[in-house]
Amino acid sequence: MNVGIAKEIGTNERRVSVTPDSARQIKGAGYDVLVEAGAGAGAFIPDKAYEEAGATIVQSPSELWSGSQIVLKIQPPLQHRVLGRHEADLVAEGSILICMLRPLSHLDAVRTLARRNITSFSMDMMPRTTRAQRMDALSSMSTIAGYKAVVMAADSLPKIYPMLVTAAGTIAPSRAIVIGAGVAGLQAIASARRLGAVVEAYDVRPAVKEEVESLGATFIGPELEAKDVQDEQGYAKALSADAQRKGLELLHSRIPQADVVITTARVPGMPAPRLIPADIVKQMRPGSVIVDLAADMGGNCELTEAGQTVVKHDVTIHGPVRLAATVPVHASQMYSKNITSFLLHLTKDGKLNLDWSDDITSGTCVTRDGQIVHAKTRERAEGTPAQPAAAGTARS
Ligand code: NAD
């Protein structure tokens, strides 16, 4: 069985789904590995390195897609500029596609995959369980994005991050606020702290307060009693609307004191929550910087423009999409481990073994047997008229 490593074709996409080390592992598991020529070039991996790992280089994309029974990718299927065809039409009928499919944002591609009897798996739907941790590509890419957001902000800031005591006087440290203390947010906190900034963090989940503090940041949130954060059995419970309003008021009172705001708040499958209105941006100091990592989902800041850097009220607002792609070497290395672990999870005794009773296998499957099997995607696909295929989205 041939496993194909397709060259990514998204705009500014420099990552590759599988590195030579992983290609060797896939070969060792009993597959033959085909790699499209130049697939690793953006991540500085020459074709020769894949050949040394036992893979076969194929020169044309059509050869790669038609010759592979399993195709591994990062981006969802996109329109192929060279071939003038959509990747969802290129994947061989009845074969398997594994990528960050983001099915809710790519309904037309999903419809095509179902119609063509492709079994597709979406890496971004990996269950957040301990067993699936090594396959969790979203966390890998969020880790990279959280770090890069801090570096991006540092580059735009007309200040330095750390406090310095020099013969030329004392420089006060820059102040950063990180909104959303998930994987990206925690990495942003740690990175900004390492560069010497004073960091505060905000999240609707009070449970992250301890993690935030252990990284040396201050948690912004209302004083809460035990009954506000846990139920009678001791399980965590959602914050009340009143506590959320108070938290947001506190956040808004802190933002005008910040030099840098890195915002990462997301709610899966929903538009990003609007947490920084325009009038709060207006109150920020001239020269301050916002990096909005939720730009692809509409942005946490009202003034964010996805994929753009804009200056509003003397504040630089970055709305990067696909930030992980700007760090192609390490992003490829991490994604490669994730997708290879997933492929090996689907493999038994050197053969593909799809066990639909397994939560990782069934939880990530979007289409099979000619059907859309992911319930929410099916619901949207049936209720939404077909549109021209959407472009790739950001976080992957
Ligand atoms: P995410 O990208 O979906 O969201 C980022 C953060 O935004 C979250 O912390 C969320 O609480 C926060 N947020 C959402 N709405 C908000 C609002 N209105 N105001 C402020 N903050 C808001 O989250 P993620 O980074 O993918 O991870 C979420 C959680 O899952 C984390 O606790 C993470 O540690 C956990 N996780 C567990 C595993 C595992 O067990 N294998 C793997 C990955 C992540």
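Visitor: What makes helix 5 (residues 107–115) largely enclosed by the rest of the structure?

Guide: Eight of its nine residues are buried, so helix 5 is largely enclosed. Buried means under 20% relative accessible area, exposed over 50%, partly exposed in between (1.4 Å probe, protein chains only). Helices (H or I, at least four residues) and strands (E, at least two) are DSSP runs, numbered from the N terminus. This is a predicted model: local features need pLDDT of at least 70, side-chain atom pairs count only at pLDDT 80 or more, and totals for chains, interfaces and linings use all residues. Residues are numbered from 1 along each chain as its sequence is written, and side-chain values use heavy atoms, with hydrogens and water left out.

Visitor: Which residues of helix 5 are buried?

Guide: Leu 107, Asp 108, Ala 109, Val 110, Arg 111, Thr 112, Leu 113 and Ala 114. Just after helix 5, Asn 117 takes a positive phi of about 60°.

Visitor: Why is Ser 22 called buried?

Guide: Its relative accessible area is 4%. The cut-off is under 20%, so Ser 22 qualifies as buried. Ser 22 sits in helix 1. Not counting residues up to four places away in sequence, Ser 22 touches Ser 336, Lys 337 and Thr 340. Contact means heavy atoms within 4.5 Å.

Visitor: Why is helix 6 called roughly antiparallel to helix 12?

Guide: The axes of helix 6 (residues 137–156) and helix 12 (residues 328–345) cross at roughly 165° and come within 9 Å. Angles over 145 degrees count as roughly antiparallel, under 35 as roughly parallel, 65 to 115 as roughly perpendicular and the rest as oblique. Therefore helix 6 is roughly antiparallel to helix 12. Axes are lines fitted to C-alpha atoms, for helices over the stretch in contact, with angles from 0 to 180 degrees between N-to-C directions.

Visitor: Which residues make that contact?

Guide: Helix 6 gives Ala 137, Ser 140, Met 141, Thr 143 and Ile 144. Helix 12 gives His 330, Ala 331, Met 334, Tyr 335 and Asn 338.

Visitor: What makes a set of residues a nonpolar core?

Guide: The members are buried Ala, Val, Leu, Ile, Met, Phe, Trp, Tyr and Cys residues, joined through side-chain atoms within 4.5 Å. The largest such core has 43 residues. Leu 72, Ile 98, Met 123 and Phe 342 have the most contacts inside it. Helix 12 supplies the largest share of this core, five residues. Met 123 touches residues including Ile 98, Tyr 335 and Phe 342.
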